[in-house]
Every structure is written in C-alpha cells, then in structure tokens.
Amino acid sequence: MAGRIEDYALIGDMQTAALVCRDGTVDWLCLPRFDSHAIFAGLLGTGEHGFWRMGPAYAPGAEPPTAARRSYRGDSLILESEWDTPRGTVRVIDFMPPRDGAPQVIRIVEGVSGRVPMRSELRMRFSYGRVVPWVHKHEGRTVAVAGPDSVWFDTDVETYGKALTTYADFTVAPGDRIAFTISWEPSHKEPPPLPEPEQSLEATEDFWREWVEHCTYHGPYREAVVRSLITLKALTYAPTGGIVAAPTTSLPEDIGGVRNWDYRYTWLRDAAITLSSLLRTGYREEARAWREWLLRAVAGDPENLQIMYGIAGERELGEAELDWLPGYEGSTPVRVGNGAAHQLQLDVYGEVTEALHLGHMTGLARNDYASVLQLKLIRYLEDHWQEPDEGIWEVRGPRRHFVHSKVMAWVAVDRTIKLIESGDADGPLERWKQLRDDIHRDVCEKGYDKERNTFTQSYGSQELDASLLLIPQMGFLPPDDKRVIGTIEAIQRELSTSDGFILRYPTEGGDEGVDGLPGDEGAFLACSFWMADDLAMIGRVDEARRLFEKLLSLRNDLGLLAEEWDPRLQRQVGNFPQAFSHVPLIDTALRLTASGAYGG
C-alpha cells in the first residue's frame with residue numbers, strides 16, 4: 001500500500017524522478033523521461049504494479065518498518081534514511097546521478113552499528129504496472145526486458161527470483177557499503193556500462209554543492225528557499241530546459257474523487273513564474289534555457305499557443321485513462337496525457353510576456369525572436385481579449401469572462417508597451433496604449449462588485465477567486481487601492497479554510513460547480529502564498545509572516561510540498577512535489593525578507 005503523499009522523498013537526475021517512501025520503497029519511477037511509462041507504479045495501485053523496497057528484513061505478513069530518520073545530504077538531492085532495529089542501525093543512501101549516459105537509480109546500504117539483516121525486493125512492471133518483463137541473466141547481470149525497454153540490475157550481492165520478484169537477502173555490519181543500481185537502456189542496444197556507485201555519489205554531491213553556490217538569496221528563510229530551488233531544478237528537463245509541473249500523475253486533489261490529472265508536462269504559466277523565481281535568485285542559465293525552450297515550442301505560431309506542451313515541446317498530449325490501476329487510495333480515474341492542453345486560457349499570454357519582460361529587465365542575453373514573439377502575442381490578444389476562456393484553473397465547464405484572464409491580458413499589453421518604450425522593439429505604441437486602457441476600464445466596470453467592494457471571479461458572477469490576489473502583484477492596481485484591499489479581505493472571509501489557508505474558488509461538493517467537476521478540493525497552496533504576499537503589500541506584514549511560517553510548517557520533513565492541503569484530513573493532496581507551490585514560497589520569502597517581516 002502506498003504511503004501518504006507527504007511520506008515521499010524526491011530523487012532525480014533532471015530528466016526523470018523517483019519517489020521514495022519512508023519505508024524505503026520506490027513507488028514511482030518513469031524511465032527514461034518524466035513523461036515515460038512508469039516501471040514502478042505502486043503509488044497509483046498496489047505492489048503488483050511495481051516497486052523497489054530496500055530496508056531491514058521483516059517477518060512475513062508484517063508491515064515494512066519505516067525509517068527513524070531521513071534527510072537530504074546537505075543542499076543536495078541525495079536522500080539518507082536510517083533505521084534503528086533491535087540488531088543495530090543501518091543507513092540507505094538513495095540518489096540519481098545527473099545523467100551522463102544511461103539513467104540510473106543507485107541505492108547504497110551502509111552499516112552504522114550492529115549487524116542488521118537487510119532485504120532488497122525489486123518488482124519491475126513496465127507500462128504503468130501492466131506488463132511483466134522477461135527477467136533473466138546476461139553475462140552475470142540481471143536484466144528485465146519488455147518491448148522497447150530494458151532495465152539492468154547490478155549488485156555484488158547474490159540475488160534470487162521468487163513470485164516474479166527479484167530478492168537479495170544480506171547482512172550489513174559497521175563500515176559495510178553495499179550498492180544496488182538499476183539502469184535503463186533501449187532494449188535493442190548494447191548493455192549500459194557497469195555502474196560505479198561510489199564515484200557517482202561523489203559526482204552527484206559535487207554537482208549539487210556547486211549548483212547551490214550560485215544562489216544569491218541569503219535571508220532568514222534560506223533553508224526553505226534553497227530546498228525549493230533544488231526541487232525546481234529537479235523538475236527541469238535538462239536536455240531542453242522544459243520544466244514539468246510535477247513528476248507525478250493522478251495524485252488526487254480530493255482523496256477518493258475524480259480530480260486526478262497528469263502534471264508531467266510544461267505549463268507555460270508554471271514555467272514562466274518559475275523563470276521569475278530563478279532569475280531573482282541568481283539562476284540565469286536555467287532562465288535562458290527555458291526561454292529557448294519556449295521559442296522552440298511556440299515555433300512562430302502564437303495564434304495556436306497552447307497552455308502546455310511536452311517537455312521537448314510536443315503539442316499532442318492526448319488524455320487517456322488507465323483502467324487497470326485502482327488509483328491512489330482508490331482515487332480514479334488514473335489519467336495520462338492532459339486534455340486541457342488545447343483550452344483557451346488568455347492569462348497565459350500575460351504570464352509568458354511577463355517572463356520575457358523580466359528576462360529583458362534583468363539583462364538576460366538578448367534574443368531577437370523573443371521580442372518578435374512578444375509582439376505577435378499582443379497582436380493576437382488585440383483581436384481575442386474580449387472572448388471568454390477556461391481561465392487559470394482550466395475549468396471543464398462553460399467558458400467565462402474570467403477577471404484574472406483579462407488582468408493578465410492587460411499585463412501582456414503593458415509589458416510590451418514598456419519594451420517598445422525602451423527602444424528594443426517597434427510597434428503601434430499609441431494604439432496599444434489605448435488597448436491597455438480599454439482592458440483596464442473593462443475589468444474595473446464589469447469585474448468589480450461595488451456593493452461588496454471586491455473583484456469577482458468572472459464578469460457578472462458573485463463568486464470570488466484567489467487568482468484575484470495577483471491584481472496588485474501584477475501592477476494592475478496599487479496595493480493601497482480600496483478595491484484591492486476590499487478584494488483581499490473578501491477572499492479572507494469567503495475562501496479561507498478553518499486553519500487560515502486559501503481555496504482557489506468555491507466548489508460545490510457533490511454537484512458540478514464552475515469547474516465542471518464533482519467533489520471538493522483542498523486549500524491551494526500557491527493561493528495561500530499569494531495571500532501572504534498581498535498582506536505584506538498592504539502593510540499587514542506581521543500577519544503575512546505568520547501565514548507564511550504556517551505554510552512552511554505544512555512542508556514534509558524534507559521540505560517538500562504537494563499542490564494542496566486538505567484541512568479536513570490534515571494532509572497534503574495533489575501531485576507531488578509541485579512547482580506551483582514551491583515557486584510562490586520563494587517569491588513570498590523574498591518579499592518578506594525585503595520588508596523585514598520575519599521573526600528572530
């Protein structure tokens with residue numbers, strides 16, 4: 001049975017990632033890319049769908065023991081888990097080396113004290129748990145083959161097969177270090193080279209230490225910021241610069257419900273705000289790589305701009321349901337692909353333009369096509385900003401005139417006007433200034449409820465929406481505007497959970513609401529960070545700090561956040577770890593540090 005979402009650790013090589021539970025089980029791993037089929041899909045099913053457990057031996061029928069302690073080794077993505085047993089203490093070191101050849105998961109078992117009986121249980125199931133591979137020996141190495149894939153298992157410990165599972169039973173004493181490695185290779189190619197676990201460990205530690213040294217943030221929340229930055233780096237697909245929203249699919253927003261989506265793709269919105277955080281903390285190379293990915297993905301065709309793409313810029317992300325998987329804690333359907341890829345979300349034009357603007361303002365090396373793209377985006381918006389859309393939350397109900405979408409259309413025009421005024425682009429300046437004024441007037445007239453002194457989710461609606469918190473952050477209105485303050489206070493009243501976190505918008509329980517889906521969801525962590533930002537902007541900095549530090553307390557013991565927090569179950573929900581949670585964490589930390597709003 002899979003653990004709680006917050007029980008998992010992330011390891012990765014900037015091309016794919018694995019989730020490791022507290023009991024030493026790898027329950028999720030896709031090879032060779034984030035969006036490839038999983039060879040361990042126990043996270044969304046049972047042990048029959050693939051896993052790899054490494055830990056102290058335990059009695060048949062008993063539950064595997066959980067680690068007494070675990071942490072990342074310094075500022076790295078190297079996981080260390082320790083078990084205290086009646087016979088001694090043992091440590092397991094899990095990591096994935098930054099890729100230079102075959103993708104690998106390496107697990108080094110280290111004896112700390114006493115003599116501890118250990119067991120490795122490796123059950124590979126290809127195609128998301130559906131296919132049992134052919135497992136055999138090849139020149140002394142164990143290999144599992146199915147169709148185009150092969151996974152090679154290397155260790156110096158004797159292994160044996162039983163019930164379609166590969167086992168290794170061994171004992172470790174103080175100072176012992178026993179390594180296990182799996183490596184993926186296309187099945188038609190020669191075997192991957194024999195792994196060198198100790199050298200790979202040293203190289204991986206060096207990589208992360210050197211990468212973190214580039215961080216320019218040295219404020220009071222450095223630990224949380226650095227861990228979030230490492231997580232964002234881990235979610236970056238190194239060959240292209242694309243950034244996945246999360247390394248998982250179908251971890252539910254509502255346990256037992258249907259709000260289960262595949263997040264192993266690059267959302268323009270998520271990636272654009274990630275770029276902002278990377279630039280503000282010193283990571284210009286990652287920002288440059290994302291901008292180049294964007295220009296390739298859009299490929300001169302902004303009229304057909306998608307809200308998301310594959311990690312190499314693929315456009316076709318057809319959605320399908322895997323009916324053989326019972327889902328995380330019974331949450332079905334399990335989905336791969338994402339049918340929202342072709343929705344109209346006008347806010348994306350604003351987020352992309354804001355990212356390009358920030359890159360320009362911070363001196364990112366000039367790319368002439370980036371300016372051309374920005375102008376093309378505005379020409380498209382000029383003709384389409386008055387249309388209804390599906391909005392930032394990708395509703396699967398009817399299109400609406402979402403206020404946030406219109407605000408971000410204004411942002412796109414405003415930032416492009418600034419580009420022209422700087423002399424780095426040519427365009428119809430006066431016409432677009434009028435367009436900017438027209439959008440602003442339209443939002444203030446049709447998206448604002450004078451009686452309640454708040455902006456609303458969409459034109460003519462009564463509902464609120466936490467995306468309205470971005471109005472002052474985007475410069476649409478100043479923070480001291482009474483309409484901004486009224487909106488912040490209305491969201492606090494109407495979208496706040498009992499523990500003070502913020503919902504995205506009202507859901508309708510068992511009925512289908514604005515998003516076209518049944519059921520509820522948890523507090524959206526990004527929205528809660530936005531609230532902390534807004535509170536700081538309107539001068540309520542102590543309140544902002546308290547909310548921010550309360551949000552930090554929701555992180556798991558390794559500093560990781562999922563998409564949402566379920567206030568009823570008091571647990572993390574949604575895909576994990578989530579870039580759209582870690583980015584606003586960084587942004588709020590920077591804002592609070594600049595304002596001096598921190599304790600100590």
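**Exercise 1.** Determine the volume of the largest cavity and the classes of the residues that line it.

*Solution.* Step 1: the largest cavity has a volume of about 300 Å³. On a 1 Å grid over the protein atoms alone, a cavity is a set of points where a 1.4 Å probe fits but cannot get out, and lining residues have an atom within 4 Å of a point. A volume is the space filled by probe spheres set on the points, with grid points joined across faces, edges and corners. The model is a predicted one, in which local features need pLDDT of at least 70 and side-chain atom pairs count only at pLDDT 80 or more, while totals for chains, interfaces and linings use all residues. Residues are numbered from 1 along each chain as its sequence is written, and side-chain values use heavy atoms, with hydrogens and water left out.

Step 2: the lining of the largest cavity consists of 23 residues, of which Tyr263, Trp393, Glu394, Arg504 and Glu563 lie nearest its centre.

Step 3: this lining has 12 nonpolar, 2 polar and 9 charged residues. Ala, Val, Leu, Ile, Met, Phe, Trp, Tyr, Cys and Pro count as nonpolar, Asp, Glu, Lys and Arg as charged, and the others, Gly among them, as polar.

**Exercise 2.** State which residues lie nearest the centre of the largest pocket, and give its volume.

*Solution.* Step 1: a pocket is an open set of points with protein on both sides within 12 Å along at least five of seven lines. The largest pocket has a volume of about 520 Å³.

Step 2: of its 24 lining residues, Ile273, Ser276, Glu354, Met474 and Asp587 lie nearest the centre.

Step 3: by class, the lining of the largest pocket comprises 12 nonpolar, 4 polar and 8 charged residues.

**Exercise 3.** Describe how helices H7 and H9 pack.

*Solution.* Step 1: helix H7 covers residues 368-384 and helix H9 residues 429-446; helices are DSSP runs (H or I, at least four residues), numbered from the N terminus.

Step 2: their axes are 12 Å apart and form an angle of about 55°. Axes are lines fitted to C-alpha atoms, for helices over the stretch in contact, and angles run from 0 to 180 degrees between N-to-C directions.

Step 3: H7 and H9 are therefore oblique to each other. Angles under 35 degrees count as roughly parallel, over 145 as roughly antiparallel, 65 to 115 as roughly perpendicular and the rest as oblique.

Step 4: Leu375, Ile378, Arg379 and Glu382 of H7 make the contact (heavy atoms within 4.5 Å) with Arg431, Trp432 and Leu435 of H9. This contact has 4 nonpolar, no polar and 3 charged residues.

Key:
Helix = DSSP H or I, 4+ residues; strand = E, 2+ residues; numbered from the N terminus.
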